[in-house]
Amino acid sequence: MADEELAGGLFGRDEAADAEEALRQPGPLDPIAAALAMKAAALPPEAAAYFGKQSALVEAQTVDVREQSGLHLARLKVQLSHLHLKRFIDFVRAAAQTFIMLIAALLALGLLLMLHDAFVSHSVVVEAFDTPPALAPRGLTGKVVASGLLDGLSKLEAGARGAETKRSLSSAWNNDIKVEAPGVGVSIGDIDRLLRQRFGHDIRIGGDLVLTPDGNLALTVRGDGVTPKTFTGPMQNLDALTTQAAEYVYGQSQPASYAAYLVNTGRPAEAAAFSKTAFAGASPAERPLLLKTWGDALEETGGDTRQALALYTAALKLKPDFWTANDEVIGALTMLGDEEGAWRAGVAMTSAAGGRPGRAPEIAYENWDWLTWNLQAWRAAIVSDAKAYGGVGSQQSDIEPNLADVDVRLHDPASATLHLQLTTGSDPMAVAIADFVRGRLATEAGDTAGAVSWMEAFGAAYANPSVSSSYPGYTCWIAPVEEAAGHPDKADAVLAGAGRFVNCYRFRGDILDHRGDWPGAQRAYTSAVALAPDLPAGYYSWGLALARHGDLTGAIAKFEASHQRGPRWADPLKAWGDVLGRQGDWGGARAKYDQALKYAPAWGELAAARAAAAAH
């Protein structure tokens, strides 16, 4: 079998088989010898002997041929074995060369990556502090002090939430605040550190901790672009010292993030003062962020909303794709009573973002969705933003009451109640909006006394600028509750002091209609529509009033106008279906109800109306 494989490898399978068969068969006789042999019997003895010798010679030659063929096959086997060995050696050599080249390529790639990381590195590196040996028995080593500062910086970074600010922090700090201690010898880490020091843009923070003559601690921090500063205090207050030092380092090295942290932790006055001071020395990338945070701080301290709007506008000039600043522009215009201007700002942002969805994050449309009653999109944006920011969102400290606010507008009291139960924060804004939602739920349930109690609590909380700037025009909702409770004087006082909002005008129309002043009510509805002709709420309330007065055709016209301006708001569609049902057009009513259910699927009253229409 080995001979066959050898021959097959050399000659091909068919040729090898023929050659092997030839070796097994006796060799052919010479034709002349064969012919003579046939006549041997007739020859004389001498001739016969001669021909016998010839036959023996042929037989010997045949044996020799066979032996030579065997030797030839043996030589071929040896040659093939050498060929296999050579091929194996060549394979091993090529594999070794390939492996070496791969290792070299990986090393080169690793070096290139390290170089790239070094060039783009914007890390904050906290190095071990210098501490005297006397503090070591107390556990106060240089690394312990540096770790305390690191913990403080990490807490500050976590508190500096906000879509635009957080993204800039990720780029600026690379989420890479870390402690480094010098190593021994040269390692890959040492090479990486050397490259970052040579080519990177890291901020290296160090310092020292010493005992003062009076037995206190003196913690000094210093670093690249960070002016040295010393913080002193008792031995037991080291945590407080490191917190102060961390805030100082954070503010010096990342002013925009620190300003956002101050706003988010309820220190807007400090944020406003800090932003104003830090702006001149800030980098071009941080300046728009500081302007936006400055505007936020002004609004939350009861400052001039027009000045805040100017700061937001200036931020957008520096950074046209600053989407959350666009959202703040919409909010500021709404607070100033220019809801139509706020709507136009939303249209402009959508266009600049390339449509929706587009380049702007959905949370940047929060104020615009509120204006246009795009409730499901508003809710989805809150949820998505919360997932991106550890469950709290970039704009709120507690998203649960804000979700409840949307749910009550979607006529989903069960979900709204659940989110109120999940509310855990003590933030004034969260507490206030939770009271507002409870008042809305009580109103929907027919609990007038409860509604008044909750809404009046919300009205008291609204005096806090951080609440009023976050929920502009929400006090308008208090007026119809007071009117329903038999407090017309309170209702009038609320509307007189609430400001110029579509909701205030339309609720005034409802109240005047309830009091029997239909002409006055119509003037109020006209004012609501005139204030913001591109918003849907004024048309909706006017349509309900016309339906109450029997003008079904006029009501349908208002509901249609409302739907055009708020195409994803279920309420005008449901009211439209109600009027069609009153006109006997049950097929049209079912179509409107079905359309409305897409936008408020949990609305029980809507589902009941749909079932009643189907029964016809």
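Mentor: A cavity is a set of grid points where a 1.4 Å probe fits but cannot get out. The model shown here is predicted. Its largest cavity has a volume of about 90 Å³.

Trainee: How many cavities of 30 Å³ or more are counted?

Mentor: The count is one.

Trainee: Which residues line the largest cavity?

Mentor: The lining consists of Glu 339, Trp 370, Leu 371, Trp 373, Arg 409, Val 502, Asn 503, Leu 535 and Ala 537. Two elements, helix H15 (366–372) and helix H24 (502–514), each give two or more residues to this lining.

Trainee: What is the secondary structure of the protein?

Mentor: The protein has 30 helices and five strands. Of its 616 residues, 46% are buried.

Trainee: Which residues of H29 are buried?

Mentor: Buried means under 20% relative accessible area. In H29 the buried residues are Gly 588, Ala 589, Lys 592, Tyr 593 and Ala 596. They lie on the same side of H29, because they cover an arc of only 135° around the axis.

Trainee: Against which helices do the buried residues of H29 pack?

Mentor: They pack against helix H28 (570–582) and helix H30 (604–615).

How values were computed. Residues numbered from 1 in each chain as written. Predicted model: local features only at pLDDT ≥ 70, side-chain atom pairs only at ≥ 80, totals over all residues. Heavy atoms only, no water. Helix = DSSP H or I, 4+ residues; strand = E, 2+ residues; numbered from the N terminus. Buried < 20%, exposed > 50% of the residue type's maximum accessible area, 1.4 Å probe, protein only. Arc of directions from axis to C-beta. Contact = heavy atoms within 4.5 Å. 1 Å grid on protein atoms, 1.4 Å probe; cavity = no way out; pocket = protein on both sides within 12 Å on 5 of 7 lines; lining within 4 Å. Points joined across faces, edges and corners; volume = space filled by probe spheres on them.
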